[in-house]
Amino acid sequence: MSATLSASTLLAIPLAPLAGALLAGIPGTLFGGNAIGRKASHTLTILGVFIAFVLSAFTLRDVLVDGARFDATIYEWMNIGGLKMEVGFLIDSLTAMMMCVVTFVSLMVHLYTVGYMAEDEGYDRFFSYISLFTFSMLMLVMSNNLLQLFFGWEAVGLVSYLLIGFWYTRQTAIFANMKAFLVNRVGDFGFILGIGLIAAYTGTLHYGEIFAKAEELSKLTFPGTGWMLITVICICLFIGAMGKSAQFPLHVWLPDSMEGPTPISALIHAATMVTAGIFMVSRMSPLFELSDTALNFILIIGSITALFMGFLGIIQNDIKRVVAYSTLSQLGYMTVALGASAYSVAVFHLMTHAFFKALLFLGAGSVIMGMHHNQDIRWMGGVRKYMPITWITSLLGSLALIGTPFFAGFYSKDSIIEAVHESHLPAAGFASFAVLAGVFVTAFYSFRMYFLVFHGKERYDQNPDAHGHGHDDHAAHGHDDGHGHGHNAAEAGDGHVHHEATISAAHEEEDHGHHDHGGKPHESPWVVTVPLILLAIPSVIIGFIGIGPMLFGDFFKGVIFIDEARHPAMAELGEAFHGAVAMGLHAFTSAPFWLALAGVVMSYVFYMVKPEWPAAIKRTFNPIYVLFENKYYLDWFNENVIARGARCLGTGLWKGGDQAVIDGAIVNGSWKLVARAAGAIRQLQSGYLFHYALMMIVGIFVLLTYFVWHDQFMALFR
């Protein structure tokens, strides 16, 4: 076997989904005259992603078995003063693993979408978008330079904007995609500043050349300050990751993005786009290792996100929003690992989380379908006996999420907790508390959702928001309040229930329950359940298989760089690791296991045995509940302080700067001054000869007077 990779094969990986996206998006839509049917659209896009997945799997095999590597330019765009703008691929173990995760999860989402979006008017358009997203994400992870990374970074942002607002006739969807777009622009501003500083001080955008000059960067200070340049660069880059990977306080866009169809929640907000920031920081590990200040900053931000976003998951009643806040919390865990210099652990959790979180999102979508598009977990219960496949796969995903020993999430999550404990950074104390407390919180809200949905009394017939058979009634899905927020009867209680749109006939066609099941829940079709089963398998076993080579083997050798003298967390973890089985057995005596078990037991007691207790606690601690319900008032602050302040500033600049200074003083003022001066001078140009003779005499008189008085004045000082 060759130790090199073919450039043409690598190029085919992102281009196959792009070809599917173009075919489904142009001839498959109204724009192209619907030249091909729905079946052709989903077949072409699924085929494109399948080809990308197979080629990615072969690439990963070549990288791991034969040690194959690839780092070369595919196309040079331009060369400006020695700064090369190019398209190139860097294929190593980190890239190959990400390629497999992205394409596998995308393939599962494509298959799932065939059933979930059946008969939707935007069926072909949706397949085009998710295939285009896969292309963008592949270009991001395969890049060998910051220019292409930024292209992929912005492309996934653009496609996520299109997907979140897929049902563009809904005001809530338009509000959500604009919010996501604007918040990500804040992060991207910092990201592009970091890229600009790197280009200015290294003269290159190529990863390898940047890393070769990292030591030089670490000796420079930021002009005009005493700040280390490398710290400024790393913090700017991480601000980009804060936006894309939804870290506090730039996390506010992700919960609202649930306005999009469920398949994109799994694709974008579980496995791919939101992990782009984690991937980027791991790729830039040679730079981040040189700044303890940046690492402490990352630790603090990740800790706040991991713990405080988990608190918000406790009070959610919308099934998708519970999973969304879980995603926020788990992204915080990944970020904490980055701050502890445990980059390989962060990437390991990225991989395990991709499978079980995609499983939970798709499982939530299956429940929504089976429950006739009700998303409020308060009006579910007893679903287990009607949806056995959805039940068992959702249970496996939940067990993986809370870190149950031997499940995938256990190995990555416990490794993060241990890495933070072994970190010697000043912020490690707070981070260690946050990730430990987060274990209990995660277990509590995860099994709160699980018990309310799959166990207990059947409550779906008590839903006050139900409208009989007519769930195609648009009134059931909220009305716009004039501010981009939808409300309905169920929302009146907590403000967190948002229904999947019934814009198309898909939901009416798929809702067999009204006739075939007497209004009871029903299992989803095979195109929905097969992806659930295929995602459940790695959710259980991938952690056991991967922990040895990925964390303590040579999987990331030469890819991720750690200064073990300054940041010994991974070295100390390696000394304590005695195999996946021993780690799983030891977990039963560790604090995280007992905290997770306590969370599960408490959720069972609260929602299965003593359902009146949560209501009593809510009344007792109502101010805290209100704080959580309003999401720490960050949305209020953004809308009433930042947005209103920006509008006031914009109005002031418009009226004071544009209208008064530019238009009033400079543009209008200049022509008025010229007009008045011309009017005065025009009086002197009468055309009469005696006027000109008089002016000449007056002029001579003035000049003579000036010179006489000037001579006399100067004589006084001689």
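How many aromatic pairs does a search of the whole structure find? The count comes to 34 aromatic pairs, where rings of Phe, Tyr and Trp (its six-membered ring) pair if their centres lie within 6.5 Å. One of them is formed by Tyr112 and Tyr116, with 5.7 Å centre to centre and 15 degrees between the planes, so it is stacked (planes under 30 degrees apart). Both tyrosines sit in helix H3 (residues 93-116), four residues apart, or about one turn of the helix. Helices here are DSSP runs (H or I, at least four residues), numbered from the N terminus.

This is a predicted model: local features need pLDDT of at least 70, side-chain atom pairs count only at pLDDT 80 or more, and totals for chains, interfaces and linings use all residues. Residues are numbered from 1 along each chain as its sequence is written, and side-chain values use heavy atoms, with hydrogens and water left out. The mean pLDDT (the predictor's confidence in each residue, from 0 to 100) is 85 for the protein, and 90% of its residues reach 70 or more. Residues 467-518 are another story: pLDDT is below 50 there, although the stretch has 121 contacts (heavy atoms within 4.5 Å) beyond near neighbours in sequence. Where pLDDT is low, the predicted coordinates should not be read in detail.

On to helix packing. Helix H14 (residues 292-314) and helix H19 (residues 428-454) pack at about 25 degrees, their axes 8 Å apart; axes are lines fitted to C-alpha atoms over the stretch in contact, and angles run from 0 to 180 degrees between N-to-C directions. H14 is therefore roughly parallel to H19 (angles under 35 degrees). The contact draws on residues including Leu307 and Phe311 of H14 and Val441 and Phe444 of H19. By class, this contact has 16 nonpolar, four polar and one charged residues; Ala, Val, Leu, Ile, Met, Phe, Trp, Tyr, Cys and Pro count as nonpolar, Asp, Glu, Lys and Arg as charged, and the others, Gly among them, as polar.

For helix H15 (residues 319-339) and helix H18 (residues 408-422), the axes come within 9 Å and cross at roughly 45 degrees.

A cis peptide bond, with omega about 0 degrees, joins Phe248 and Pro249, and Pro249 lies between helix H9 (229-244) and helix H10 (253-256). Lys631, in the loop between helix H28 (622-629) and helix H29 (634-682), has a positive phi near 55 degrees in a residue other than glycine.

Note on methods
Helices (H or I, at least four residues) and strands (E, at least two) are DSSP runs, numbered from the N terminus. Rings of Phe, Tyr and Trp (its six-membered ring) pair if their centres lie within 6.5 Å; planes under 30 degrees apart count as stacked, over 60 as edge-to-face and the rest as tilted. Angles under 35 degrees count as roughly parallel, over 145 as roughly antiparallel, 65 to 115 as roughly perpendicular and the rest as oblique.
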